[in-house]
Amino acid sequence: MHKSRTLGLAAVALASALAVAGCSTKAERAGTSSAAPGVSDSTIKLGVLMDLSGPFAGTGKTILDASNVAVKEINAAGGVCDRKLALVTRDHGYDPQKAVAAYDEMDPQVLGYLNILGTPVVTALRDKIEAKDELAGLTTFASTLLGDKHLIVLGATYDIQTINGLDWLVRKGELRSGDSVGHIYLQGEIGENSLRGSKFAAGKLGLKIVGQQIDPTATDLTSQVNALKSAKVKAIQVDSTPKQAASVAAVAQAAGMEVPIMGGVSTFATSLLTTSAAPALTEHYTRLSGLGALGADTAAARKLAAAWTDQYGKAPEASSGVVHAYAMTKLYAEILGKTCEDLTRPGLLKARSAVTDFTLPGLLPPQDFSDPAEPSSREAQVLGVDKDVFAGVKPLGDFFASDLAKEYKVPSAG
Amino acid sequence: MTRGVEILLSGLSLGLLYALIALGFVIVFKATRTVNFAHASFVLFGVWVVAQTSPHIGFAAAVALGLVAAGTLGLAVERLLLSRVDGRKHDALAILTIGVNVVLTAELSWRIGERVLPLGAPWDGHVVHFGSVVLPLSVIITIITVPLLIAGLAACLRHTGWGLAMRASIEDREGAALAGVRLKRVSAGAWVTAGVLAVAAGIGLASFPSPGVAVSTGTAAIKALPAAIIGGLDSLGGAIVGGLVIGIAEVTVAEYQASLSFLGRGLGDVVAYVIMICILLWRPSGLFGAKEVSRA
């Protein structure tokens, strides 16, 4: 009895010693601090904080699905730093309090955050993310969130997209100096950021902006469109929900306004092409985006569209949401790949600045993350509606950065 | 001047739709003394049925089906859930309706997702010109048909057996029961009527210039609850006045929000509740609500 207990203790001690030795060997091989959360010998875990049950649940699910397409591709190609990527997802229901609780619970399990949805959520978590030196990808194009090395805003910001859009309309001869441009914009981050861009472009191009602020629940925009008709605008810029943008296009056409309508990146949903607004959208509406479209005739777009269809069956509602989440995941993998020898949170932050030319040809123009205060790109693409292409929009030209967009100074960041 | 007319008529149209929804709240409340918090999900359910079936069977048949479906849903909720709870426990019944709303909204949100489903209404895409005033045809149709619907409902309440039974049960529940009024039938009728009114209003909310049915259609319907409370919650006339007040205020505030920005962002979203609070401070029973009399 006494002998067997001694043997047992010896076995436990030996096993412990081997385990410690094994861990040391792994840690040495990986060159990581044993304290780095979310990193094991075989896996790197990244957090995804999404709205999966609240007002943006549809968007949240699309982002998550697109991230999973990219993760599957990355892992099939061997993973990153000899490890597989794994996502730890939590639902915040667009509630900052829930988001803080979810963050606190998942934070010890993840190295960083692949994607966080919702400005109120980001605002609630910024201090925590900064205090822990973490890197977080965001689903937003607000230039007001630039300037923080902990946050990734991928692509041209709302204001720069709008500047490129107005410049494009002038170059196409749709607008001339002295013309009025209606700008229907949501109150809050998206609309006001875009309005800053339209005012800048208007000042430089000799245009006059006639602003119409709306709130997200407004359903009938007839009055706003009529006001723009009275003001004799020659084009309309819209930064609204997709449903509202469709309403603007339909009302404008019904009221006899034959003017181009330029929508911001978040103003289109594929199912709008089954509604009565489809003819008006097809004829008058174009959309600006810092990201490519799934309906583009490029190898990368076709590949992603095929992967999406394989996994989820039908076309997504938001093509740009899919491309954004897919590109963000690929970007995060690129950043991780630059810090394999130091898979820590500070290591990730350092590696982010080393990414100066990230691109997905056909889907994303070159992105430079060396200066957090600057947008990663000033290029955008004009997309037109075509019900015959995947997800309903296709590029009308290449990515471009207008001289005005290059000259524009983004708001001083916080 | 032109803008003023457009704002007034758009507000009137929206207000009439809110009034229809508010009437649904009021009828259920009058019959059961319960606030139906599931009413917004009834609106969404009804128009979802219309949008789903319209491409296959045509708009008119889809509307008929939507009305039947929402009426049946109201009946099912009343028969299968609420009738099993002691009718005097109004708080428990109200909480039960919150549960129904959560389940129904979650299911419909999952089914609709981010999509916008077209209603297929024949007036989609049409506007009407009155001189310089331009209005969607749906606004004109709403302004004509909703008052007719409301008049029909009022006539039902005044001249039919069910209406008489309902009025009797509101006046004195026990007395009405002793006189032979079947309270369960009154209650079931109220829930069916509420469901039907919800769909009628939902069709208006999802019609042009809105491109169709989305999850947000149900959210818009929630704004009718302050309208019902402003009117007094147990007054049909009050629901109509409350709906019109909220509708016109919402459109006007949205129109002039740039000038009202000193009051903060999103005033259009909260104006219904601000008006409700102001009116309740002035008249705690609402504009037309019956005052509660109690002996100390």
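Q: How many residues does α2 of chain A have, and how far does the helix reach?
A: This is a predicted model. In it, α2(A) covers residues 57-76, so to speak a run of 20 residues, and reaches 28 Å from its first C-alpha to its last. That is close to the 28 Å expected at 1.5 Å a residue.

Q: What follows α2(A)?
A: A:Gly78 does, with a positive phi near 110 degrees.

Q: Over to α4(B) then. Why does its span agree with what a helix should have?
A: Because 23 residues at 1.5 Å a residue should span 33 Å, and the end C-alpha atoms of α4(B) are 32 Å apart.

Q: Which of its residues are buried, and what do they pack against?
A: The buried ones in α4(B) are B:Leu93, B:Leu96, B:Thr97, B:Val100, B:Asn101, B:Ser109 and B:Ile112. They pack against α2 of chain A, and within chain B against α1 (2-32), α2 (39-57), α3 (59-81) and α9.

Q: What comes just after α4(B)?
A: B:Gly113, which takes a positive phi of about 60 degrees.

Q: You mentioned α9(B). How does it cross α8(B)?
A: The axes of α8 (183-206) and α9 (215-222) of chain B come within 10 Å and cross at roughly 115 degrees. The crossing is right-handed.

Q: Which residues make that contact?
A: α8(B) brings B:Ala201, B:Gly202, B:Leu205 and B:Ala206, while α9(B) brings B:Thr217, B:Ala220 and B:Ala221. By class, 5 are nonpolar, 2 are polar and none is charged.

Q: Last topic: how many residues does each chain put into the contact between A and B?
A: Chain B gives 36 residues and chain A gives 33.

Q: Which element of chain B gives the most?
A: α1(B), with 5 residues. Others supplying at least two residues each include β2 (133-136), α9, α11 (236-255) and α12 (267-282) of chain B.

Q: And the classes on that side?
A: The side of chain B that touches chain A has 16 nonpolar, 12 polar and 8 charged residues.

Terms used:
Residues numbered from 1 in each chain as written. Chains lettered and ligands numbered in written order. Predicted model: local features only at pLDDT ≥ 70, side-chain atom pairs only at ≥ 80, totals over all residues. Helix = DSSP H or I, 4+ residues; strand = E, 2+ residues; numbered from the N terminus. Expected span 1.5 Å × (residues − 1). Axes fitted to C-alpha atoms, helices over the stretch in contact; angles between N-to-C directions. Left-handed = near helix turned anticlockwise from the far one by under 90°. Contact = placed C-beta atoms within 7 Å. Nonpolar A, V, L, I, M, F, W, Y, C, P; charged D, E, K, R; others polar. Buried ≥ 20, exposed ≤ 12 C-beta atoms within 10 Å, placed from the backbone.
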